[in-house]
Amino acid sequence: MSVTETRTERVEGWNRPPVIEPDGEGELLEVAMGPHHPSTHGVFRMDVALDGERVVRLKPVFGYLHRNHEKIAEGASYLASMPYTDRLDYFCSLTNNWAYALAVEKLVGQEVPERAEYIRVILAELTRVQNHASSIGFLIQEMGASGTPLMYAFKEREKILDLFESLTGSRMMCNYMRFGGCRVDVSSAWLDATRKVVAGLPAFVDEFEALLSSNEILMARCQGVGILRSELAVNAGVSGPMLRASGVNYDIREVDHYGIYDRFQFRIPLGDHGDIYDRYMVRILEMRESIKILEQALKDIPAGPIMDPKAKLRGFRPKPGEAYGRIEAPKGELGFYLISDGGPNPYRYRVRPPSLINLTILEDMCLGQNVADVVLIFGSVDIVLGEVDR
Amino acid sequence: MKTVEEIKTAIEAAVPGAGVEFVSNPSPSAQHSLRIGPDSAVAVATFLRDDPELAFDFLSNVSGVDWPDKEIAENVKVTHQVAKTIDGVEQTVEETVDEMRKRVDPGYLEAVYHLYSVQKKHGPLVLRMRTVNRSDQVGLPSLTPVWRSAEFQEREVFDLYGIVFTGHPDLRRLLMWDGFKDHPMRKDYVDPDDFEYEPTPHDEVLRRALERTSREQVSEGTREQGTSGA
């Protein structure tokens, strides 16, 4: 059975992965990929059944990093969970902060001053650039290019992390946003340094793309592999660059206009085929769009307060009710669902993890493919286990 | 987007006897929700997904919520017939006293679904379903056949809250290991003492691997354990 045959079976509204029959020659080989396989980005296991080289079954196994983040947050005050959100997706702590702050601000009806909104956009887009660069680096590394593209990406990421460190005091665990604003103001020196880094980013993306985009090995390994069609992607709740690589025009920055995203001009890159190469390309193009947003935000950032003076900091007790807030995190839709019973702690605190939900269709993408491609397909989803297992 | 009340009317017109209830949300977010009956949940969900005007094709989030049994103490005015001696004469007098009464509000488990529309770019619509109680009638229909996105999330709710989703194609624990007994996100969950206990998830795989090795040992007879090879 060829790959195209397995695809056509699935088109007719059938949202379960098809059953692939082994060809009957030889016996099935069961392989546990992980939990310590280097390509799993952490501790994650895929129980794979192989017929020769071909994958006939794949079951992901989760929970190696589970620490019940949600239960811990129910026992802590609202603000006390802010540093813990850094540890969800530890590559993108600032977008995690933002998603949580946004949900709480919706819950209490809190306004955010303009300058703080600009700072949030700048930090979120910097986070997106470094996340996409390193996720591409990891993808190429899994293809066999040991280190070189990853080090190119990390060189640029390090400049961005230096900016984070000088502003928030920490490279990765930033704990920067607050309900109603941000923790410390940016200095003009910091803004100048950021402008300098942003001015260097297009050259970095150009160089990255010149090295990779038309690379013969990358094209041979990625094109037509791990195809995800758009109907299934929407039905399975896939979000972020994965969804857009399948050709679905859905970017929460543009749909919800949360924060001040309606003020910026940017385009939404879309893929045609939904294969690994499209996901790679969408990430490259999103980096370029993020740079555009950064240039506009750094040009327009106004003076003013960074915290709403009416924001309640002590004795923070939202009135009973609930709210769901979501943002376009680099990995997809990151949402927080909060229920308040009027107490100082959330009654219910739920994280909608894009990494976990994007893995729902991992089996669908891998069935019928070679086992060597599973590593690439998995790498193209771009997950962080801290967020998958919570 | 239609308001939640209009969607309620639309559901009631399309799915007769759906038993939809409007749940108001007093928070400034104003994300009101609809409580749907478990019996018609799949029909309602399919209608919401397939209706061309609503087109809620994207199930974003599935959360479990635990509402434990609540003991409510309230003051009730009670009138008693009391025998009293007034001026040396025994009389029956009505006397009203405050009495503390306790009643138990039965708890339930709740599954909350947040829907968006990718086609129409609107949302969220919040759907809720509740179980009968928290102990023996904890079944709810699974919405995974309608939205594949619920597959792992319903497994997680089953794992951490113990809601049994009927119709789910593969209902297993997601985060805790298979031998685990309790549901840790419930409000009355108590940590066990033996934190040292670590299960090995390879049990089944290990058993089959050992079987295979022993089979090969019998047939070939050349392999011995401890030689790090053949």
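**View 1. Chain B and its two domains.** Chain B is divided into domain 1, made of residues 4-67 and 109-166, and domain 2, residues 70-104. Please keep in mind that this is a predicted model.

**View 2. Where chain B touches chain A.** Here 32 residues from chain B meet 38 residues from chain A. On the chain B side, β3 and α3 are the elements that give two or more residues. Of these, β3(B) gives the most, with six residues.

**View 3. Helix α3 of chain B and its surroundings.** Now zoom in on α3(B), which runs over residues 150-161 and is mostly covered, with 12 of its 12 residues buried. Among the buried residues are B:Phe152, B:Val157, B:Phe158, B:Leu160 and B:Tyr161, and also B:Glu151, B:Glu154, B:Arg155, B:Glu156 and B:Asp159. What do the buried residues of α3(B) pack against? Their partners are α13 (354-358) of chain A, plus β3 (58-67), β6 (108-116) and β9 (164-166) of chain B. After the helix comes B:Gly162, with a positive phi near 85°.

**View 4. Two loop residues of chain B with positive phi.** Have a look at B:Ala55, in the loop between α2 (41-50) and β3 of chain B. Its phi is near 50°, a positive value in a residue other than glycine. Is B:Ala55 buried or partly exposed? It counts as partly exposed because it has 18 C-beta neighbours inside 10 Å, whereas a buried residue needs 20 or more. The second residue, B:Lys121, sits in the loop between β6 and β7 (125-130) of chain B. Phi of B:Lys121 is near 60°, again positive in a residue other than glycine. With 16 C-beta neighbours inside 10 Å, B:Lys121 therefore counts as partly exposed.

**View 5. The fold of chain A.** Chain A contains 16 helices and eight strands. Along its principal axes, its C-alpha trace spans about 70 × 50 × 35 Å. How does the radius of gyration of chain A, 21 Å, relate to that of a compact globule? The two agree, because a compact globule with 390 residues would have a value near 21 Å. In chain A, 53% of the 390 residues count as buried. Take the contacts in chain A between residues at least 6 apart in sequence: 71% of them join residues at least 24 apart.

Notes:
Residues are numbered from 1 along each chain as its sequence is written. Chains are lettered from A and ligands numbered from 1 in the order in which they are written. This is a predicted model: local features need pLDDT of at least 70, side-chain atom pairs count only at pLDDT 80 or more; totals for chains, interfaces and linings use all residues. Helices (H or I, at least four residues) and strands (E, at least two) are DSSP runs, numbered from the N terminus. Two residues are in contact if their C-beta atoms, placed from the backbone, lie within 7 Å. The radius of gyration is taken over C-alpha atoms; the globule rule is 2.2 Å times the number of residues to the power 0.38. Domain bounds come from an automatic or database domain assignment.
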